[in-house]
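The report below describes selected features of the structure that follows, taking a helix, a sheet and a single residue in turn.

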Amino acid sequence: MPDASHGPAPRQLDVAIVGGGLAGLYSIHRLRGMGLKVRAYEAGSGVGGTWFWNRYPGARCDVESLEYSYSFSNELQQEWKWPERYGTQPEILKYINHVADRFDLRRDVQLNTRIVSAHFDSKAGEWILKTDGGEEIRARYCVMAAGNLSTPRVPDFKGLQSFKGKWYHSGLWPHEGVDFTGLRVGVIGTGSSGVQMIPIIAQQAKHLTVFQRTANFSLPARNGPMEPERERSHKAEYPARRAAAADTPFAIAGHAKPTKSALDVSDDERNQSYEAKWQEGGSISYLYAYTDLLVNKQSNDTASEFVRNKIRSMVKDKRTGELLAPKDHPIGTKRLCLDTNYYETYNRPNVGLVDVRSDPIAQITEAGLRTEGGQTFELDAIVFATGFDAMTGALREIDVRTSDGAILRDHWEGGPLTYLGLMMSGFPNMFVVTGPGSPGVKTQMIASIEQHVDWIADCIGHMRKEGFSRIEPSPQAEMDWVHHVNKVADSTLYPLANSWYMGANIPGKPRVFMPYVGGFDRYKRHCDAVAAKGYEGFELSRQKVIA
């Protein structure tokens, strides 16, 4: 019997899963189906991950709902009805909860539980996880499904604590919502969340001031109610569409592959093509207009200037329009935003734009904020749409180490090192879903999640069948992969942008390009080939476990 004086005995699992979002839930379903004892630990009070936390006004997916959904169950994808072309946060969360109930996943999710440490005991061959409540969990395998955009970044502005009004972060939004009616509101940040919330807050607020450091490209979403015929034809071809999506760079089907360079056609033909894509809506379609928009600066300039001219034509005040037209990065090299009436919002008399690149915010005051140039703004509420410590933030918040002396924070000190974005050398039996070095954030995320979890499940199945107890990548395979990821990135225009792909939004974070931009199709073929060659680049062992 366990000694009561030392607290309850640790929970024993085959697989401990960190995170109860889309990746964590599919991990439960897939691994439990193999007869493994699994449990997911989720910091939130409900499942859903990024869609549980991000409840800001206008929160919506930028991938069409018929694509941004699970494919593992044809019955599920046939029966679920999406009301709009692009799912809103409430609708996506409703879908995730339906999946959790339909596949009885909740019984293996522990909510309101944050994992604070994960230590690998080399002698026992187990991961020992500790929760913020002091609970201990032991598991042969650990799956980190903590998400790429799950660590909100609140800027360390001087004086924030003195502000007499209320402040909010897009990723930590109050569940009861916020009413900005009659208030003077400041929104800091014009990335995806800012672009989505600004038009809605502008309709409520007495006055809205937007503080922009970097203008971002945004394209019209052309959202609307789901067209019955579009839904019927898509569902009739779902299996074929999913297979076709897996053979594309973004894991999204339905867009004709481009065949020409943007420089191979006349100005008129090119502008007609861009106009058609603009009217169609969506980001993938626009970037798919020509073969070389993400690799040839001259070609990209044509696509960038077309959108800049659209912005100039939509915004009545010329100075504001110029400020909103991005000039510091090629279109598509930062996450392309989708919007509904974003640029038109700046034509409202109650909306103002402040350029905090030329006049940075000096401090938050009791009554609002002040810039370095001495401008003062009286505000009743401040909204930080300042993003996340992306891709590595969630793992770096957990104390991950091994009894052999490996510490993940040290391992990643110069930037994240992984093999395939799935594992790190020196950290046996720990898998990461859509980690740095994988194409996750540059794809339809659920497709990447399913591909990763399926690969992890197959790997564990192989180990159990062959009697292996440990797997980890060799340091050489890891270094070769990181080199490959950077080489591919350097062959594109992506590194020209100071983006969260590079960690550029986090002070002091190493500037390393984190996603794999060679495409989902190319990446999947590589992962499949690695597995087919007996997990090439990985070290598998049948280590004797000391109880």
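## Basis of the description

Helices (H or I, at least four residues) and strands (E, at least two) are DSSP runs, numbered from the N terminus. This is a predicted model, in which local features need pLDDT of at least 70 and side-chain atom pairs count only at pLDDT 80 or more, whereas totals for chains, interfaces and linings use all residues. Residues are numbered from 1 along each chain as its sequence is written, and side-chain values use heavy atoms, with hydrogens and water left out.

## Helix α14

Helix α14 covers residues 445-466, and its 22 residues should span 32 Å at 1.5 Å a residue, which agrees with the 31 Å between its end C-alpha atoms; the expected span is 1.5 Å times one less than the number of residues. At the start of α14, a side-chain oxygen of Gln 444 comes to within 2.7 Å of the backbone nitrogen of Ile 446. After α14 comes Gly 467, with a positive phi near 80 degrees.

## The parallel sheet

An open sheet is formed by 5 strands in the order β7-β16-β8-β9-β12, with parallel pairing, where two strands pair if DSSP finds at least two bridges between them. Its edge strands, each pairing on one side only, are β7 (166-169) and β12 (351-355). Within the sheet, β8 (residues 184-188) and β9 (residues 207-212) pair over 5 bridges in the parallel sense, and Gly 186 stands opposite Thr 209 in β9.

## Phe 538

Phe 538, which lies in strand β20 (residues 538-541), counts as buried because its relative accessibility is 9%; buried means under 20% relative accessible area, exposed over 50%, and partly exposed in between (1.4 Å probe, protein chains only).

Note on methods. Polar contact = N/O pair within 3.5 Å; in protein donor to acceptor, adjacent residues only side chain to side chain.
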